Amino acid sequence: MTRLRTFLRFWYDFIVGDDWRVALAVVAALALTYALSAAGLPAWPVLPLTVTVLLPLSLWGRRTSGAVKPRQGG
C-alpha cells in the first residue's frame, strides 16, 4: 500500500504541482480543444492561448502572494 500511495502522490504532485487552478485550466483547455476538433472547427489556437494567459497569471499570483515558501516533506 505504501508503494501505491507513493506512486499516486508522485503523479498528483507532477500533474497538479503547486497550483490546482492551473492544472484545472489545462484540463479544461484540453477538453475544449477536443470538442472543437470533434466539431470540425480549428482547435489549434486553444492551447497556445491558454498558456499565453495562464503563465503570466500564475507568475503574477506567485509574486503577489509574498515569498515562495519551501514545500514540506519529501
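At what angle do helix α2 and helix α3 pack, and how far apart are their axes?

1. **Helix pair.** Helix α2 (residues 20-38) packs against helix α3 (residues 46-64) at about 165°, and their axes lie 10 Å apart. Axes here are lines fitted to C-alpha atoms, for helices over the stretch in contact, with angles from 0 to 180 degrees between N-to-C directions. The two helices are therefore roughly antiparallel. That label applies to angles over 145 degrees; under 35 is roughly parallel, 65 to 115 roughly perpendicular, and the rest oblique. The crossing of α2 and α3 is right-handed, a term used if the near helix is turned clockwise from the far one by less than a right angle, with anticlockwise being left-handed.

2. **Basis.** This is a predicted model, in which local features need pLDDT of at least 70 and side-chain atom pairs count only at pLDDT 80 or more, while totals for chains, interfaces and linings use all residues. Residues are numbered from 1 along each chain as its sequence is written, and side-chain values use heavy atoms, with hydrogens and water left out.

3. **Overall fold.** The protein chain has three helices and zero strands. Its pattern along the sequence is α-α-α. Helices (H or I, at least four residues) and strands (E, at least two) are DSSP runs, numbered from the N terminus.

4. **Burial and surface.** Of the 74 residues in the protein chain, 11% are buried. Buried means under 20% relative accessible area, exposed over 50%, and partly exposed in between (1.4 Å probe, protein chains only). The chain exposes about 6,600 Å², and carbon and sulfur atoms supply 70% of that area. Areas come from the Shrake-Rupley method with a 1.4 Å probe; for residues, only the protein chains shown count as cover.

5. **Contact residues.** From α2, the contact includes Val22, Ala25, Val26 and Leu36; α3 contributes Val46, Leu47, Thr50, Leu54 and Ser58. Contact means heavy atoms within 4.5 Å. The residues of this contact divide into 10 nonpolar, three polar and no charged. Ala, Val, Leu, Ile, Met, Phe, Trp, Tyr, Cys and Pro count as nonpolar, Asp, Glu, Lys and Arg as charged, and the others, Gly among them, as polar.

6. **Leu47.** This residue sits in helix α3. Leu47 is partly exposed, at 33% relative accessible area. Beyond its neighbours within four places in sequence, Leu47 contacts Ala29, Leu30 and Thr33.

7. **Leu32.** Helix α2 holds Leu32, which is partly exposed at 44% relative accessibility. Its C-alpha atom is 9.2 Å from that of Leu47, 15 residues away along the chain. For Leu32 and Val46, 14 residues apart, the C-alpha separation is 7.5 Å.
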